[in-house]
Amino acid sequence: MARLDKLRRLREAGIDPWGGRFDDRSMISAVRERATEIKFRIADGTEIDLPEIGPDTDLRAWRTEQGPGEDIGPRVRVAGRVMLLRDKGKLVFVTLRDWTGDIQIFIGKNQVGEENFELTKLFDLGDLIGVDGRLGRTNTGELTVFAERLHFMTKMLEPAPDKHAGITDPELRQRMRYADLAFNDGVMKTFLDRTTIVRSIRQTLDRDGFCEVEGPTLHTVAGGAAARPFVTHHNTLDMQLYLRIALELHLKRLMVGGIERVYELGRVYRNEGVSPRHNPEFTMLEAYQAYGDYRSMMDLTERIVTDAIEAIGGGFQRRFGDVEIDFTPPFARQTYAELFQAATGIDPADEQRVTRLAAELAIPTAGKHPDVIRNEIFEEKVEDSLVGPIFVIDYPASICPLTKRKADNPAIAERFEMFICGMELANAYTELNDPELQETLFKTQLAGMAEDDSMAKMDHDFVRALRYAMPPAGGLGIGIDRLVMILTGQRSIRDVVLFPTLRPE
RNA sequence: GAGGGCGUAGCUCAGUCGGUAGAGCAAAGGACUUUUAAUCCUUUGGUCCUGGGUUCGAGUCCCAGCGCCCUCACCA
């Protein structure tokens, strides 16, 4: 009988196939925790605990040994999706799933009565049902709700995916995330973990006295990062607008205004290529702390990451692919120059040998600033191999134009990047707050931009804001999606973004 | 944007040298009161991504296109 026929049969039996309010149900995880309340009541009325349940448990034999008696378990009400259906004639087993877990339902014809039992004939994989029953264990020891009454909740009209493999086509999983969440193991957990991580980050920042704000996502000038923006248009104002590519410039304006610890955790949009580590829209945290510097932000980053790990559990030793990562604080801190020297055997200050190495690595050097060449070598020889977590500190100043230099060494910028498994997870600076220097650096940056990046413009208002005095500050950016990838063990950003950008069907 | 791989039943996948389109799950009918990816019997189910070409004959070989995945580039 097809699903639509069953729908009709439900209606004919006076049952609404789309269900309704269903009060007082317990979450399946909570029901599972009540397993210890199940007792075996023997003839004289005394109640004894069930034996330890193992893979070879034979409760039927154990019950026979105890003599005449019966299982007494708590009455529970659950609701969820029918994941597996095992029809044994006058007996039907259902594996029911809600968003907290799975539990088996036992539906015996003699136990629930003819009318309820007829309802099971109208069940399909994927339907939503409600069950009243008593918690107990089957002969094999499986924790089970022995149904006393069935409630039909909602009919699924589409065929269910393969009950073992689920949906494996990555495009379908992303396009039909609803089915992915409902039928593929572990997907729900990953996204609930994502929520837990984001909540934990807010808690860490709030506890440190940071103030969460919401900046504009529509910008008249898209600044704060070197990326191409999405362009849009406001009709009645008849003006071109850009979707933000970073949170930075508005948060700094707020620092000028006196919001001394400020952060935004929100979506930014970059009109660049897609890859397993890049989605056109992604979630960034940016935090700014007045009277701090990049070292303050390093401590904060470490707390944000370790708090998030504690929030989702599983300990500081974690796996990502086949790599073992140790998040036990403190995280390693090494200078850019040290790492360069260790990986290449060459002193980064040795101009000649750096140039020779660039040639060996087939890195074109013509017309490039030595620091740019150095950084290309660094990216190739160092970054990919950093398992981390590690803070790479003290970058060459010329590749960080918007960063304060070290007071005692103007060639070095007060910046760190945190790497885990070769991925850049965080980036922080001691922020530049000199408006005149900022303006000059903006101009040089714009002059160096390619023709197709011409939508980059000078943000005059931002420079004016700095003229009203922004306190010296540390600033931090964390790529939330990548952090979630690392902490949940997902290799693709599209497995931690609920609805990644896709071409239309 | 460049290179490589993939596209077959509702789902997961086989498909040999170019010779009648296959399996498991799902679906439909039946048996079974402690199963658990239940099992057993029966049945149904195809635009082989699209369009050309080679050939007596193409899921298979060739060309083009579309889509997805991976690597690289831009970027975080």
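This is a predicted model: local features need pLDDT of at least 70, side-chain atom pairs count only at pLDDT 80 or more; totals for chains, interfaces and linings use all residues.
Colleague: What span should helix H10 have at 1.5 Å a residue, and how far apart are its end C-alpha atoms?

Modeller: The expected span of a helix is 1.5 Å times one less than its number of residues. For H10, which has 19 residues and covers 294-312, that gives 27 Å, and the end C-alpha atoms are 27 Å apart, so expectation and model agree.

Colleague: Is H10 largely enclosed or exposed?

Modeller: Buried means under 20% relative accessible area. In H10, 14 of the 19 residues are buried, and therefore the helix is largely enclosed by the rest of the structure.

Colleague: What caps the N-terminal end of H10, and which residue takes a positive phi just after the helix?

Modeller: The cap is Asp293, which has a side-chain oxygen 2.9 Å from the backbone nitrogen of Arg295, while just after the helix Gly313 takes a positive phi of about 75°.

Colleague: How should I read the order of strands in the open sheet of three strands?

Modeller: Strands of a sheet pair through backbone hydrogen bonds, either parallel or antiparallel. Here the order is S10-S12-S11, with antiparallel pairing. Strands S10 (218-219) and S11 (231-234) stand at the edges with a single partner strand each, so one side of each is left without a neighbour in the sheet.

Colleague: How many bridges pair S11 with S12, and which residue is the bridge partner of His234?

Modeller: S11 and S12, the latter formed by residues 239-243, pair in the antiparallel sense over four bridges, and the partner of His234 is Met239 in S12.

Colleague: Which strands does S18 join by bridges, and how many of its residues are buried?

Modeller: Strand S18 (residues 390-396) is mostly covered, with seven of its seven residues buried. Four bridges link S18 to strand S17 (residues 332-335), and these two run parallel, whereas six bridges link S18 to strand S20 (residues 409-420), in an antiparallel arrangement.

Conventions:
Residues are numbered from 1 along each chain as its sequence is written. Chains are lettered from A and ligands numbered from 1 in the order in which they are written. Side-chain values use heavy atoms; hydrogens and water are left out. Buried means under 20% relative accessible area, exposed over 50%, partly exposed in between (1.4 Å probe, protein chains only). A polar contact is a pair of N or O atoms within 3.5 Å; within protein, one must be able to donate a hydrogen and the other to accept it, and residues adjacent in sequence count only if both atoms are side-chain atoms. Two strands pair if DSSP finds at least two bridges between them.
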